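Please read the points below as a colleague's note, with the structure open beside them. They take up salt bridges, backbone geometry, helix packing and the surface in turn.

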Amino acid sequence: MDEEEQTKLIDLLRELVVRLLSQNPQDTTNPNFQNSFRYALRILSSRLTPSIAPDAAAIAESIKRRLATQGNSSDALTFSDLFTKFSSKTGPGSVNNKWAVLYLLKIISDDRKSVKNVISSSNLLPNLGLNESELSNGSRVLNGKEDKKMSWRNNGVLLVNKDPENLRDVAFREYVNLVKEENEVSEEVLVRDVLYCCQGIDGKYAKFDATVDGYVLSDLVKVPRATRVMVRKLCELGWLFRKVKSYISESMDRFPAEDVGTVGQAFCAALQDELTEYYKLLAVLEAQAMNPIPLVSESANSGNYLSLRRLSVWFAEPMVKMRLMAVLVDKCKVLRGGAMAGAIHLHAQHGDQLVHEFMKRLLRRVCSPLFEMVRSWVLEGELEDIYAEFFVVGQPVKAESLWREGYRLHSGMLPSFISQSLAQRILRTGKSINFLRVCCDDRGWADAGMEAATAAGTTTRRGGLGYGETDALESLVIEAAKRIDKHLLDVIYNRYKFKEHCLAIKRYLLLGQGDFVQYLMDIVGPELSEPANTISSFKLAGLLETAIRSSNAQYDDPDILDRLRVKLMPHGTGDRGWDVFSLEYDARVPLDTLFTESVMARYLRIFNFLWKLRRVEHALIGAWKTMKPNCITSHSFTKLQHAVKLQLLSTLRRCQVLWNEMNHFVTNLQYYIMFEVLEVSWSHFSNEMEAAKDLDDLLAAHEKYLHSIFEKSLLGERSQSLYKSLFVLFDLILRFRSHADRLYEGIHELQARTMESSLSSRDKNKSSRQKNDKYTEPGSWLSDGRKAVTQRAGEFLRNMEQELDALAKEYTSLLEGFLAQLPVQQHVDLKFLLFRLDFTEFYSRLHPIV
């Protein structure tokens, strides 16, 4: 403020004081005027400011509203008009602080209206219109029992004098004496004792009592009951402090132990930080406790002293926090790792904002190690879990078992703020990285973490994620999993050719390569007819190589053909080569994760079933090859007796009819297996391979593919009775093949004997015997005469016909039993097998199925 404005302000203030004193403007030497002027100048020079915002419009609106509510509507309108003119005037000569002028007018009006509520003149500013002479002339003193107060009214201010008899001071002194009689210990001492107890230290009078498990005042100390109760309530904070402090000390002393862990250490550090803030509060309170507590008689303002009641107000917020920490300490004593974080998280679901913010701050510290483990596992595949605190648990396994058994979720360590689906995705993401690194020897996943963080809008640095950022964590995990899983499938499909290997297993183990299977069965058949203990696996391996080179299999990838090998299963006494022969496929790392030993064992069971089916088909084809040439040689038996000739034709016809029935059954069964089971399952599997998003989806699709083949091929547990019936039928068909071979061997011998008996010359007989040595052995038909040949031929044909009839009857019975079981099977495709086998309803009309 410059000198001119200051002079102008002083002149205005002098004029205001003259008007208030109602005296001659020229008489400024009056001592009363000088005192009033200095007083007014001191008020304006002080730093006192109103507790309202400097808003002229708001003050004007308040004044107008008050005038209107008092019934002075005309005054309100007049004031509104005057304020409009007053506020619109700007420039030289106008008032800058318009709100201050309005505020001054308002408080002057309020002062005049509230003068009746004034109790003591000591609380009022001196009235500038009063002096000693006016006080003596214009006041009225009222003495007596009815009215012991002196009051007077001047310029709108009511003043009340002090008690002339000092009754108030006497009452205060009596109250102080009474308090001293009831309390042996002053309140200042009790306050200091409470502060000591709140630090876990025994005070002079308040000490920790183990019997009641708390701080109490000694019974020997004479204090009012209310004071004793208040001291005990305040000392509850010390009891809670002891519990929290004891937990921190015990945990930190045992820290290297596994039952504490990094999450427990972080929890202790967070508790220690809260105790540090608590210590700061106690330091402030101890400083205030040094100031004496003023007596009631003293007109004390709210100074920096500390009483028990003030202490209870100070302790309100720390008490809430300390109780919460004590509850958490009790809850977490036996917990660690993710379980501890989850238990603390449950207490954060609170409606009190103070508790919510406190728990959020605490959990950010506690969950920091846990979120760092998640970040390291998802982005780097590293399991940094020394103290077994993480919800992902690893164990040492072989490479082929890494995916299925190497890592798993520990549900007990899964915190409640991480959902089960997110935990599964976290597990799979880190597992994929380790699978790529260990089994596939691949490093292409390294950039996926940075790309995922960029896509999710987060960071990959340590400490980048914390409690309360679960959405950001889930976004990061989803993006990382999407990229790493895609890269893993690309490696499996392109680098390790998973689809090609699956197709190779279908073609060779599931006998889908027809020319290879037929040629293999032709060349290994004689070898497999020998006893199992006489078969050489090296010879069979050579025959397998021959079958590959003689079929279209020779054009396959050499790596695939190199994995195909002969395997001889364990055999017992009496087993033939057909019973122990099988093929196996060598699935190397990392494909052995999908083609495990159990999976290959199931493939082996399917192969054995299909191989048995192909063997039966091959046997029927061999029987047909034997039967076909002999059908046209029946004219050679014209010289036989008519009865024998009819019996021969009847036996041949019986054999061919039975062969047709068996061939019908085997052909339709094989068609069902090869097309409706294998091809349909492969088609579904191919579609699911294309739709797979991660290795788990691929494993599930392959498992579904195998399960479908098992159930539809009668290999499932629910079809065991049907499977056994089918194999009995297979054995019966193989017995039929042996009977058919015996029949046509006998027919060949009969044909040779008939031709030999037609020769009349002995030389020709001798020449014929030398030429057919195998028929000249003792017991042969050629050693007998013509009548004997006819007799023995009749017996042989009768025996064969009886055996064929027995076989036909047994086959019909077994087939009926097999067909009767098909409609009750749970798998729908097995019901359609009945339709294929009986599409003409021949069996159902012949033997209706109930």
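1. Arginine 375 is buried, with a relative accessible area of 8%, where buried means under 20%, exposed over 50% and partly exposed in between, with a 1.4 Å probe and protein chains only. Its side chain meets that of glutamate 380 in a salt bridge at 3.5 Å, N to O, a salt bridge being a side-chain nitrogen of Lys or Arg within 4 Å of a carboxyl oxygen of Asp or Glu. Glutamate 380 is partly exposed at 29%.

2. This is a predicted model, in which local features need pLDDT of at least 70 and side-chain atom pairs count only at pLDDT 80 or more, while totals for chains, interfaces and linings use all residues. Residues are numbered from 1 along each chain as its sequence is written, and side-chain values use heavy atoms, with hydrogens and water left out.

3. By the salt-bridge rule the count comes to 41. One of them joins aspartate 805 and arginine 654, with the closest N and O atoms 3.1 Å apart. Aspartate 805 lies in helix H30 (residues 786-821) and arginine 654 in helix H26 (residues 642-691), so the pair ties together parts that are 151 residues apart in sequence; helices (H or I, at least four residues) and strands (E, at least two) are DSSP runs, numbered from the N terminus. Salt bridges that share partners also join Asp559, Asp562, Arg563, Arg565, Asp586 and Arg588 into one network.

4. Most residues other than glycine have a negative phi, and most peptide bonds are trans. Aspartate 213, however, has a positive phi of about 55 degrees and sits in the loop between strand S3 (206-209) and strand S4 (214-217). A cis peptide bond, with omega about 5 degrees, joins valine 589 and proline 590, and proline 590 is placed in the loop between strand S8 (581-585) and helix H25 (597-630).

5. Helix H21 (residues 514-528) packs with helix H22 (residues 537-549) at an angle of about 155 degrees, their axes being 9 Å apart. The two are therefore roughly antiparallel, a label for angles over 145 degrees.

6. On the surface, Val828, Phe832, Phe835 and Phe839 form a nonpolar patch with about 450 Å² of accessible area together. Such patches are made of residues with over 30% relative accessible area and no salt bridge, nonpolar side chains (Val, Leu, Ile, Met, Phe, Trp, Tyr) being joined within 5 Å and like charges within 9 Å. Phenylalanine 839 is partly exposed at 49%.

Notes. Accessible areas come from the Shrake-Rupley method with a 1.4 Å probe; for residues, only the protein chains shown count as cover. Axes are lines fitted to C-alpha atoms, for helices over the stretch in contact, and angles run from 0 to 180 degrees between N-to-C directions. Angles under 35 degrees count as roughly parallel, over 145 as roughly antiparallel, 65 to 115 as roughly perpendicular and the rest as oblique.
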